[in-house]
Amino acid sequence: MENPPISTPLLLLFKTLHETRSLTLAADRLGMSQAAASRELSKLRVIFNDNLFIKSGQGMLATPRAETLFPLVLETLTSIGHLTAPEKFEPASFDGAFRIGAVDNGVFTILSRILHDLFAQAPHAKIDIIPLGDDLYACLKDGRMDIAIHPVQPLPADFHEYRLFEASYACVVSKSHPLAHYAESGQTPSLDEINRYRRIQITVQQSGKPRYAIDDVAFLTSPGQEVAISVPYFLAAPLILAETDFLLTLPRQTAEHIAEMAPLVVLPYPTPSNTFFTRLVWHHRVHRDPAIQWLRSLFVKHVAEKHDKK
């Protein structure tokens, strides 16, 4: 006949009996009936092939075998406590890498806003920016990415999201552009006026091949509006706009950020455009990971502060 398996409740009873020298007090402390405690003590006696605790005028006295086992029981319970304790994340000692999926406007419009807090709290951390592709969800699922900044696709069932902010579209032109006066007056140019000017088109790339154009996704292109320059990088646009009379259509938050980088102004788009949510996306695999929870909290804090300033 096999011995009953040892368990944490049995070890706790052993420890409590050793401390109280009373089956009644031990049962009460552990929330058990005295009959249940007696049955558990019987199991302990079988497992260790010893009486362990014997009734006497001074209560339940530990046998020599129990005295030998007691420090080992304490050590085992301590180890179990460490094993089952919630994992803690200490940013100050973290020296790993966060793998974040994003296109470059996500980097300088959103990620850049949390970098001060991130590196102030986790000075040894590293960030790997990974381009978004058609395999986005596979990358998140298998660990090639931890989280992604992504606006468009519907989520599979085993993914989570946090909506950072709702976005619409706007136009960006140089301060010397013929339409720039609309920014000063707070008025909106007409669609006919916008369509007179050639546009810069930002085309998101995947493996060196065009994936989609930002303004096409927004359904803001007009058949008569000619593309002057097509570029795969958001950060190239401010320099081109500053030297030309071209026009660029972008998500408003990105447009406002770009306008801070060069002598540019932001114009309202003349017709209602599609709105969308820029989201933080992650797989359930890391949903309770303390490091990724901490990283997500920085984005949440940034969004809260942004709303408070409005």
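**Exercise 1.** In this predicted model, find where Lys43 and Glu40 lie and how many residues apart they are.

*Solution.*
Step 1. Both Lys43 and Glu40 lie in helix α3. They are three residues apart, about one turn of the helix.
Step 2. Now check the side chains. They meet in a salt bridge, 3.1 Å from N to O.
Step 3. Classify each partner. Buried means under 20% relative accessible area. Glu40 has 17%, so Glu40 is buried. Lys43 has 37% and counts as partly exposed.

**Exercise 2.** Which residues of α3 are buried, and where around the axis do they sit?

*Solution.*
Step 1. List them: Ala36, Ala37, Glu40, Leu41, Leu44, Ile47 and Phe48.
Step 2. Look down the axis. These residues cover an arc of only 140°, so they fall on the same side of α3.
Step 3. Follow the chain onward. Asn49 comes after α3, and its phi is positive, near 55°.

**Exercise 3.** Give the strand order of the open sheet and state which strands stand at its edges.

*Solution.*
Step 1. The order of the five strands is β4-β3-β5-β13-β6, with mixed pairing.
Step 2. β4 (126-130) and β6 (159-167) stand at the edges. Each has a single partner strand, so one side of each lacks a neighbour in the sheet.
Step 3. Take one pair inside the order. β3 and β5 run parallel and are joined by two bridges.

**Exercise 4.** Which strands hold Arg279 and Glu161, the partners of a salt bridge?

*Solution.*
Step 1. The closest N and O atoms of Arg279 and Glu161 are 2.7 Å apart.
Step 2. Arg279 is in β13 and Glu161 in β6, 118 residues apart.
Step 3. Arg279 is buried at 7%, whereas Glu161 is partly exposed at 31%.

How values were computed: Residues numbered from 1 in each chain as written. Predicted model: local features only at pLDDT ≥ 70, side-chain atom pairs only at ≥ 80, totals over all residues. Heavy atoms only, no water. Pairing = 2+ DSSP bridges. Helix = DSSP H or I, 4+ residues; strand = E, 2+ residues; numbered from the N terminus. Buried < 20%, exposed > 50% of the residue type's maximum accessible area, 1.4 Å probe, protein only. Arc of directions from axis to C-beta. Salt bridge = Lys/Arg side-chain N within 4 Å of Asp/Glu carboxyl O.
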